Amino acid sequence: MNLVQQLICCGKEMVRYSLVAGASGNISAHRDQKIIITRKGAFLGSLSPEDFVKVDFHGSDPRASRDLVIHRTIYETIDTKFILHSHGIKTIVVSFLVDTFEPIDLEGRYVLGAVPVVEGEYDVERLSKNIAEKISESEVVVVKGHGAYACGDDPLEALARLVTLDQSCKIFYDYMILTK
Ligand SMILES: [Zn+2]
């Protein structure tokens, strides 16, 4: 399976796990001083090779996702090969409740550890800065009221982090409600 096919599979899985809806979320890979990223408006559940844009590491392309700046900043900050961005509903709900998400379930603690939550911004430059300050602490960062960015040396590793995160947030949320 080539790189783009791997990313297409990841997009389908992100939809299957309800981590994105409509044209939200994005996916990128960093290889040979290039960034390959989903285009603006792409539906992650039905990606085709034409939905990916390849840019020089410091370059830009009007077709690329607006989040290209964020992905580039993460690649500049830590050594990683793939980034997936999700809008998991339980992740977003929990982002309003904590400054750092500490899973209460064993799987979440094992896979994620403590996950930083940063302030959301519409300005991608400012949001990039907020994420870059925390991404070295954990390979997943939650953006308050927005979603999460997860890294991995393999796209499935990044995907597993996002799936576990949303599941751990659901467990945390349900536990909070039931024990209130
Ligand atoms: Zn987003």
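I began with β1 and β2, which run antiparallel and are joined by four bridges. Strands here are DSSP runs of E with at least two residues, helices are runs of H or I with at least four residues, and both are numbered from the N terminus. I call two strands paired if DSSP finds at least two bridges between them.

The model is predicted, so I kept to its limits: local features need pLDDT of at least 70, side-chain atom pairs count only at pLDDT 80 or more, and totals for chains, interfaces and linings use all residues. Residues are numbered from 1 along each chain as its sequence is written.

**Entry: the β1–β2 hairpin**

R31 has K34 of β2 as its bridge partner. Two residues lie between the strands of this hairpin. I checked both loop residues. D32 lies in the loop between β1 and β2, and Q33 is placed in that loop too. D32 is not a glycine, yet its phi is positive, about 50°. Q33 is also a residue other than glycine, and its phi is positive, near 60°. I noted the background: most residues other than glycine have a negative phi.

Buried or exposed, I asked of D32? D32 counts as exposed, because it has 7 C-beta neighbours inside 10 Å. Q33 is exposed as well, with 9 other C-beta atoms within 10 Å. The cut-offs: buried means 20 or more other C-beta atoms within 10 Å of a residue's own, exposed means 12 or fewer, and partly exposed is in between, with C-beta atoms placed from the backbone.

**Entry: on to the sheet**

I followed β2 to its other neighbour. Five bridges join β2 to β3, and the two run antiparallel. T38 has F52 of β3 as its bridge partner. Four of the five residues of β2 are buried, so the strand is largely enclosed by the rest of the structure.

**Entry: β8**

I took β8 (residues 147–152) next. It pairs with β7 (residues 140–143) in the antiparallel sense over four bridges. V141 has Y149 as its partner in β8, and V140 stands opposite A150. The two strands form a hairpin with three residues between them, and G145 in the turn has a positive phi of about 70°. On the β4 side, β8 pairs over five bridges, again in the antiparallel sense. There S86 stands opposite A148.

How many of the six residues of β8 are buried? Six of the six are, so β8 is largely enclosed by the rest of the structure.

**Entry: core and contacts**

I looked up the largest nonpolar core and found 47 residues, with L84, V141, A148 and L162 having the most contacts inside it. Helix α6 gives the most to this core, with seven residues. Such a core is a set of buried Ala, Val, Leu, Ile, Met, Phe, Trp, Tyr and Cys residues joined through C-beta atoms within 7 Å.

I listed the contacts of A148, leaving out residues up to four places away in sequence. They include S86, T91, V141, L162 and L165. A contact needs C-beta atoms, placed from the backbone, within 7 Å.

**Entry: helices**

I checked the length of α6 (residues 155–178). At 1.5 Å a residue its 24 residues should span 34 Å, and the end C-alpha atoms are 35 Å apart, which agrees. The expected span is 1.5 Å times one less than the number of residues. Among the buried residues of α6 are L159, L162, D166 and F172.

**Entry: whole chain**

I counted six helices and eight strands in the chain. Of its 180 residues, 43% count as buried. The C-alpha atoms fill a box of roughly 50 × 30 × 25 Å along the principal axes.

Conventions: Two residues are in contact if their C-beta atoms, placed from the backbone, lie within 7 Å.
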